[in-house]
Each structure stands twice: as structure tokens, then as C-alpha cells.
Amino acid sequence: MFEKLASQPSDPLLALIRLFKDDKRSDKIDLGVGVYRDETGATPVMRSVKAAEALLLETQDSKSYVAPEGDTEFLDLLWDLVCGKATGKHHAGVQTPGGSGALRLASELMSRSGTRRLHLGLPSWPNHSAIFTATGLPIETHEFFDVEQQEIRFSSVMKALSSAQRGDAILLHASCHNPTGATLTSTQWSELAHVIAERRLVPLIDSAYQGFGAGIDEDVKGLRQIIAAAPEALIAVSCSKSFGLYRERTGAIFAVAETQSSAEIARSNLVTLARTSYSMPPDHGAAVVRTILTFEKLRQEWTDEMNAMRYRLNDLRRQLAKALSAGWQMAPQIAAQQGIFSLLPLSEANVMTLRHEHGIYMPVSGRINVAGLKAAEINRVADVLKPLLG
Ligand SMILES: Cc1ncc(COP(=O)(O)O)c(C=O)c1O
């Protein structure tokens, strides 16, 4: 049986992690990894998470199954955190294994309901098109970001949507765009909301970095504008970064519908899709998030930790932009972008030079994880980047 299969390429980011690990240079720098790092280069368990885990250890009295849609208290709290308490929108939520699980269920649901095509702005997180393709969803791509100019091509997004029809969907990043860090203005969000409502398109909003951009509430302002305007929507939420729960696989998919009965149809389909693949989501991460969001003291601690991560990131962005400014005209954009990623206009040969000659690691796309920088390394990194960018 296996002989008949073609072997699949390994994930280039996982291969990059291995290459970095094997590099013996003590001053090597990893800008490739997709997780938040603190100033010591660690991705620690958040204090609020540790406190919630201690509480769970004490109080949890069963490991029996949770509901097929997961933990409903977690879902209600997460809905409020992401979408807001008073949306007045009919919705259904299903807990998923991470944001990837949420995107997979969303994609299956869209395929099952006959979605004509999904509009996808490029560049995007590579797993987006991989997941959508895996469920047979037709994808139509458009340019989202000009890497040389470091700016969003909003006219290209609007042009793609001007030809979109009822039955089409569009993928949007709620904040902290992966891989570009590019941020839509509130006017652009309004324009998107308008065309989505007018053409009755279904927005699939990927929210994987809430809190890393401008603030916990600020990062979902655009998303909330879209939900308010759209007749139907899908929201894929990942708790991996915002709660530092990466390996616990914590997330949710929310379907927003025009009526409660339509929301219930969406829920039943999402539950069936989950049931026929992994049956039920893992509990631990969701129980941690539920505990944090329930107890005011833990919630405050988490908010403070989240804010501290964002301040560090924004500070690094400002320092890197300043250090690059003498040699690269677009440097100020690095400070204006949000989240952990920016995408530099580097060729594959440039990326290899950085890797082999300077021990600076990033994928061939030129995406850097700003959180992978330490303040003391910024000038060295900027000095080798400037001649390649300028
Ligand atoms: C844009 C985006 N969406 C979704 C995810 C999925 O996150 P996870 O499945 O780890 O929760 C990621 C992870 O890197 C991401 O960058």
C-alpha cells in the first residue's frame, strides 16, 4: 500500500529548526520560528497559565468526555473576548484543536455547503491554502501586500471583491498579519465590511494573534466591524499565541448566522465534521483559558502578561526600524507593522548568505519573527541586512 504513495516534502519551517539546532556558532540568531520569544530567547509558560493549571489540578474531579462541541463555558468566554458581549448576532461555537483545527472545520463546512470559491490575499500563512486545498475548496488568489514597498495593495483586494458573488468567501486576518505584519486601517475595514455585506460574501476571519498588535480589544475592532455587517461569517480562533498554549492545541470555530435555526444547522454540521475526524477536542488548554477568563485576578494577570509581550515586540520593532533607517527607505514600516512577523524583500540567495555567513536564520520567503531578536543583537542584524535591503 505505502509503495503506491508519493512521499511528501517535509515542512520547510521544521527543517529550518533542525538546521538552526545543528549550527554550532554561539552567536547564531533564529528569526524563523513561529512562536513568541522573550528577551532570553525562551517561550515560557505564562504565569496566569501556571496558576490556572494549579487550580485545575486541585479541582478537576473527572477525565470523562466533555460535550462533542467541547467546553461550552470556554466557548462563551472566548466568543465574548473575540467578538464582544453584545453583538446581538446568532452564533454557534465548536472547540477545536488549535486555530488549524478551526480552519480545517471551517474549510470542510464551506466545501460541504458548496462555497463557490475562497478569495485569498497573498502572501498568507502557507497552511491556509494547504488546508483549503485539502478539503477541495476552490481558491482564488489576489495580491494583498507589496513586499518591496512594504504596503498593503488594498485596491487589489477591493478589485478581487468587486467580482465576487454570493456564494464566495474571503479569508481575512483579524490582526498581526502572518507573514507581513501589515495592518488595515479602520477605513479599510469599513470598506471591506461594506462590500462583504453588499455582495453577501462569507468572511472567514482568522484570529491567531489577539493582543500582539495594538491591544486585546483593539486587535479585534476590524473583526467586530465585519461581524456586525456580514449576514454570515466564520471566525477561526487560535489560543496558541495569546495564551502561550501552543502544544495544548486550543482554539474554536464560530459560525455567525442570520437566524438561530441557521446557527444550529451550522453547529450540527461542525460537530459532525469533528466527530468523524478526531471526535472531540483536547480539554486541557480550553480548561486553562476558561479558568483564566473566569477569575478576575487571573484575567488581570494574563492581560498584564499579554501587554508586556506586546510592549516588548513594539519596542523591538522601533529599534530595528531605527537601526535599518540609514540604509533602507522602507524601514519605518517595520515599526508601523504589528505582531511577531514582518516580511523583508530578500532573495533566496540573500537568505542563504545570512544563514551561512552570519548565522541568521529565516525561511526563504524572507519572513522574520521580530520576537526572535534580542535588543543587544539588533545593530548586528541591521548592519548585515542594510546592504541587502537598500
Ligand atoms: C495566521 C495563523 N492562523 C492560524 C494559525 C494556527 O495556529 P494553531 O493551530 O497553532 O493554533 C497560525 C499559526 O501559526 C497562524 O499563524
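This is a predicted model: local features need pLDDT of at least 70, side-chain atom pairs count only at pLDDT 80 or more; totals for chains, interfaces and linings use all residues.
Let's work through it together.

### Exercise 1: Contacts of the ligand

Find which residues have N or O atoms at 2.6 Å or 2.7 Å from the ligand.

**Solution.** 
- Step 1. Start with the nitrogen of the ligand: a nitrogen atom lies 2.6 Å from a side-chain N or O atom of Asp206.
- Step 2. Turn to oxygen: a ligand oxygen atom is 2.7 Å from a polar backbone atom of Gly99.
- Step 3. Look at Lys241, where an N or O atom of the side chain is 2.7 Å from an oxygen atom of the ligand.
- Step 4. Compare the parts of the residues: Gly99 uses its backbone, while Asp206 and Lys241 use their side chains.

### Exercise 2: The largest pocket

Describe the largest pocket and work out why it lies between domain 1 and domain 2.

**Solution.** 
- Step 1. Begin with its space, which is about 1200 Å³.
- Step 2. Find its centre: 46 residues line this pocket, and Asp11, Leu13, Trp125, Asn127 and Arg367 are the closest to the centre.
- Step 3. List the elements that give two or more residues to the lining: α1 (12–22), α4 (98–112), α5 (126–134), β8 (202–207), β11 (341–343) and α13 (348–358). The most come from α1, with seven residues.
- Step 4. Sort the lining by residue type: 24 are nonpolar, 16 polar and six charged.
- Step 5. Bring in the domains. Because domain 1 (10–44 + 309–389) and domain 2 (65–294) both give residues to the lining, the largest pocket lies between them.

### Exercise 3: The second largest pocket

Describe the second largest pocket and name the element with the largest share of its lining.

**Solution.** 
- Step 1. The second largest pocket holds about 520 Å³ of space.
- Step 2. Its lining has 25 residues, and Leu109, Ser113, Thr115, Val202 and Glu232 are the closest to its centre.
- Step 3. At least two lining residues each come from α4, β9 (233–238), β10 (251–257) and α9 (260–275). With four residues, α9 has the largest share.
- Step 4. By type, the lining has twelve nonpolar, six polar and seven charged residues.

### Exercise 4: An annotated span

**Solution.** 
- Step 1. In the model, residues 299–326 are 93% helix and 0% strand.
- Step 2. The C-alpha atoms at the ends of this span lie 42 Å apart.

Key: Residues are numbered from 1 along each chain as its sequence is written. Side-chain values use heavy atoms; hydrogens and water are left out. On a 1 Å grid over the protein atoms alone, a cavity is a set of points where a 1.4 Å probe fits but cannot get out, and a pocket is an open set with protein on both sides within 12 Å along at least five of seven lines; lining residues have an atom within 4 Å of a point. Grid points are joined across faces, edges and corners, and a volume is the space filled by probe spheres set on the points. Ala, Val, Leu, Ile, Met, Phe, Trp, Tyr, Cys and Pro count as nonpolar, Asp, Glu, Lys and Arg as charged, and the others, Gly among them, as polar. Domain bounds come from an automatic or database domain assignment. A polar contact is a pair of N or O atoms within 3.5 Å; within protein, one must be able to donate a hydrogen and the other to accept it, and residues adjacent in sequence count only if both atoms are side-chain atoms.
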